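Q: I have just opened this model and would like someone to walk me through it. Could we start with the overall picture and then go to single residues?

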Amino acid sequence: MKKIGWKTATAIVISNMVGTGVFTSLGYQITDLHNTITLLLLWIAGGILALIGAFIYAELGAHFKQSGGDYIYLSRTYHPVMGYVSSWVSLIVGFSGPVSLSALAMTKYLGIENEKTFAILIILVIASFQSFSLKVSSRFQNTFALLKVVFIISLVIIGISFAPSSSNALLFDSSWTQEIMLPTFASSLVFVTYAYTGWNSASYIVEEIDNPKINLPKAIITGTIFVTISYVLVNFVFLRNASIEQLEGKEDIANIAFYNLLGVKGVKWISYFIALQLIATISANLWVGSRVTQATAKENHLWRSLGKENKNKIPIWAIAAHTLISIIIILSGKFEEIFIYTAFVLQLLSTTAVSTSLFLKKKDRVFFKSNVFLLLPITFLLFSFYILYFTFKNHPIESIIGLGIIGVGIMLYFFDKNKRHD
């Protein structure tokens, strides 16, 4: 079987991470938090949390050596029901949710009136490219991931090179010390952690990576560091080129900032490139999500048909399932509602998966033989519980929707288990 190298694996990590979150989150955060230091600390904290998670997943991926990510870690460490629920969540919102959000965001940045129809068409086209072979998927992914990287770097250079907008949101005073203690600081982290979602993506396809002991951690850590630096700089650029009043509650914040900077004609090109780079995000989520579903299908009766492959070993039925669910999400929800319940569920899922690393014995660890390693998952878990608590407190309806999705997954597990014994 043909395998991918660390560059393609890194492209998948970056593509999974850089999607709608960084281009939409600031508008929600700045409604209650105005200090520039506070806002940048949100993105730095999210990056540190993602990097800690990246080190942990590198260890887990190298130890278990199976594609499937959370499904494998949770099933093997705790109980099959937890792995089953993680795959159910991945199928319904974990990968399908970001696909839907990215496709909807594309329509906003392109100014398409018939948003849902266009978003559905884009998903179908990208899914078709994922359904041929690993070679086609790799070339498609690498091309659009490169475009994503070049665009992000260009965005930062342009945003810093020009003089700042006369009316900008930059505020450097001591108010940040009060703002970081507010509950809204914690709940704002849910948008940030959503924007960083995807740092663990390469671990889901470890069987498709050549020499995973070296290339898996290399891909996860390289991708996460690049994205963290990019996110902090991009948000500084947005704050530098738009006022608080312009940004508050808005989703298309990049358009607002670069309209002030480049005018009508210039901002059109920025919008086009934001839309184009989202193609890599949709592609990467379909790629990785389908492999998680395939891993689950190998061990569970109800999922069995989703494990079928074409002659090139591509799980086409799993890709089709994620495509269909992404379309259903687009037809059934609003952008912000999808955003919040997806972010809440994904944070909860990554928290439980990270906790499995506490049970790795020293002799079984590949990269961290010292027990200092245990500080990484403990830090991640404390930070994560803090985010989940305040998210539930500030967004109870969306959080309950997320918990409801998990509840359905638990019921399906026991139904599936009974079917196997019939």
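Predicted model: local features only at pLDDT ≥ 70, side-chain atom pairs only at ≥ 80, totals over all residues.

Q: Okay, how many helices and strands does the protein have?
A: There are 17 helices and zero strands in the protein. The radius of gyration is 20 Å, close to the 22 Å that the globule rule gives for 422 residues, so the protein is as compact as a globular protein of that length.

Q: And what box do the C-alpha atoms fill?
A: Taken along the principal axes, the C-alpha atoms fill a box of roughly 70 × 45 × 40 Å.

Q: What share of the residues is buried?
A: Of the 422 residues, 59% count as buried. As for the surface, the protein exposes about 16700 Å², and carbon and sulfur atoms supply 67% of that area.

Q: What about contacts, how much comes from residues 24 or more positions apart?
A: Among contacts with a separation of 6 or more, residues 24 or more positions apart account for 83%.

Q: Switching to charges, how far apart are the mean positions of the positive and negative ones?
A: The mean positions of the 32 positive and 22 negative charges are 13 Å apart.

Q: Let's take helix α1. What should its residues span, and what is the distance between its end C-alpha atoms?
A: Helix α1 covers residues 6-17, and at 1.5 Å a residue its 12 residues should span 16 Å; the end C-alpha atoms are 16 Å apart, which agrees.

Q: How many residues of α1 are buried?
A: In α1, 10 of the 12 residues are buried, so the helix is largely enclosed by the rest of the structure. The buried residues are T8, A9, T10, A11, I12, V13, I14, S15, N16 and M17.

Q: What covers them?
A: The cover over the buried residues of α1 includes α8 (134-161), α10 (183-196), α11 (212-240) and α13 (253-297).

Q: Could we look at N16: why does it count as buried?
A: N16, which lies in helix α1, has a relative accessible area of 6%, and buried means under 20%, so N16 is buried.

Q: Which residues is N16 in contact with?
A: Leaving aside neighbours within four places in sequence, N16 is in contact with F95, T197, G198, S201, T281, A284, N285 and V288. For a sense of distance, N16 and L74 are 58 residues apart in sequence and 22 Å apart in space, C-alpha to C-alpha.

Q: What does S86 touch?
A: Not counting residues up to four places away in sequence, S86 touches D70, Y71, L74 and L349. S86 lies in helix α5 (residues 80-94) and counts as buried at 2% relative accessibility. The C-alpha atoms of S86 and S174, 88 residues apart along the chain, are separated by 42 Å.

Q: Back to α13 for a moment. Is R291 buried or exposed?
A: R291 is found in helix α13, and at 2% relative accessibility R291 counts as buried. Apart from neighbours within four places in sequence, R291 is in contact with L134, Y204, I205, E208, I314, P315 and I319.

Q: And G266, where is that one found?
A: G266 is found in helix α13 and is buried, with a relative accessible area of 19%. The C-alpha atoms of G266 and N255, 11 residues apart along the chain, are separated by 9.8 Å.

Key:
Residues numbered from 1 in each chain as written. Heavy atoms only, no water. Helix = DSSP H or I, 4+ residues; strand = E, 2+ residues; numbered from the N terminus. Rg over C-alpha atoms; globule rule 2.2 N^0.38 Å. Buried < 20%, exposed > 50% of the residue type's maximum accessible area, 1.4 Å probe, protein only. Contact = heavy atoms within 4.5 Å. Areas by Shrake-Rupley, 256 points an atom, 1.4 Å probe, with all protein chains shown as cover. Lys, Arg positive; Asp, Glu negative; His and termini not counted. Charge placed at Lys NZ, Arg CZ, Asp CG, Glu CD. Expected span 1.5 Å × (residues − 1).
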